[in-house]
Amino acid sequence: MPNKNHIFMPFSERTYRIIVDMIYPVAFKVDKNGEVFLTSKIRDLLTTDHSFEENDEVTGRIYSINKSIGAFIAIDDKYDSLLRIEELRGVFVEGELVNARVKEIKSDGKIELSLRQRAHLEIDNDSDIILDYLYDNDGVAYLSDKSSPEKINQTFGMSKSSFKRAIGRLYKNNDIKIFDNKIELVKRI
């Protein structure tokens with residue numbers, strides 16, 4: 001007879017590997033014998049009926065990661081949202097708590113999230129990332145405002161528009177020179 005103090009999660013109800021001492025968004029189910037068990041298949045239980053607005057700060061747990069789409073997050077354990085793959089930097093796992101900003105609300109109520117601040121707040125951080133790269137690479141980055149978005153993202157982990165805003169600020173502050181195929185750190189005496 002099963003212990004009534006424990007709840008079982010069958011392997012067929014797991015969508016990810018369970019790590020001890022991690023908190024996961026799950027739901028209760030009852031089988032045909034009346035036994036209660038857990039499932040990590042919660043997408044159909046989440047709603048898009050919310051009152052969030054763009055740029056709201058939210059907290060949620062990752063309930064699924066699709067390596068070609070992104071991380072699906074249960075905001076407040078009840079609202080479905082997506083953090084696109086190009087927004088993910090670093091290592092994320094199912095069950096991880098994420099603080100994010102509402103980037104966009106689609107017409108059907110679906111929420112897209114971002115880990116980045118609004119552009120005018122993120123420009124200082126992006127400028128620092130570029131300067132750090134230049135200091136670590138002999139003052140040169142073989143990228144410019146004409147480089148592909150993929151190469152910029154691969155090098156700096158930011159969008160092309162974020163990169164252009166940041167190098168614009170660095171140029172205006174006389175920190176860099178911009179060439180057709182590279183940017184260079186201005187040598188200070």
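Which residues do ring pairs link into a cluster? Tyr133, Phe156 and Phe163.

This is a predicted model: local features need pLDDT of at least 70, side-chain atom pairs count only at pLDDT 80 or more, and totals for chains, interfaces and linings use all residues. Residues are numbered from 1 along each chain as its sequence is written, and side-chain values use heavy atoms, with hydrogens and water left out.

**View 1. Overall fold of the predicted protein.** The protein has 3 helices and 10 strands. Both are DSSP runs, numbered from the N terminus: helices are H or I with at least four residues, strands are E with at least two. The order along the sequence is β-β-β-β-β-β-β-α-β-α-α-β-β. The C-alpha trace spans about 80 × 35 × 25 Å along its principal axes. The radius of gyration is 22 Å, whereas a compact globule of 189 residues would have one near 16 Å. That radius is taken over C-alpha atoms, and the globule rule is 2.2 Å times the number of residues to the power 0.38.

**View 2. The Phe52–Tyr79 ring pair.** The protein has 4 aromatic pairs. Rings of Phe, Tyr and Trp (its six-membered ring) pair if their centres lie within 6.5 Å; planes under 30 degrees apart count as stacked, over 60 as edge-to-face and the rest as tilted. The Phe52 and Tyr79 ring centres lie 5.4 Å apart with planes at 90°, so this pair is edge-to-face. Phe52 sits in the loop between β2 (36-39) and β3 (57-66), and Tyr79 in strand β5 (residues 79-84), 27 residues apart. Both Phe52 and Tyr79 are buried. Buried means under 20% relative accessible area, exposed over 50%, partly exposed in between (1.4 Å probe, protein chains only).

**View 3. The Tyr63–Phe72 ring pair.** Tyr63 and Phe72 form a tilted aromatic pair. Their centres are 6.2 Å apart, with 45° between the planes. Tyr63 is buried at 2% relative accessibility. Phe72 is buried too, with a relative accessible area of 14%.

View 4. Glu112 lies in strand β7 (residues 111-114). Why does Glu112 count as buried? Because its relative accessibility is 9%. Leaving aside neighbours within four places in sequence, Glu112 is in contact with Leu82, Arg84, Arg101, Val102, Lys103, Glu104 and Lys106. Contact means heavy atoms within 4.5 Å.
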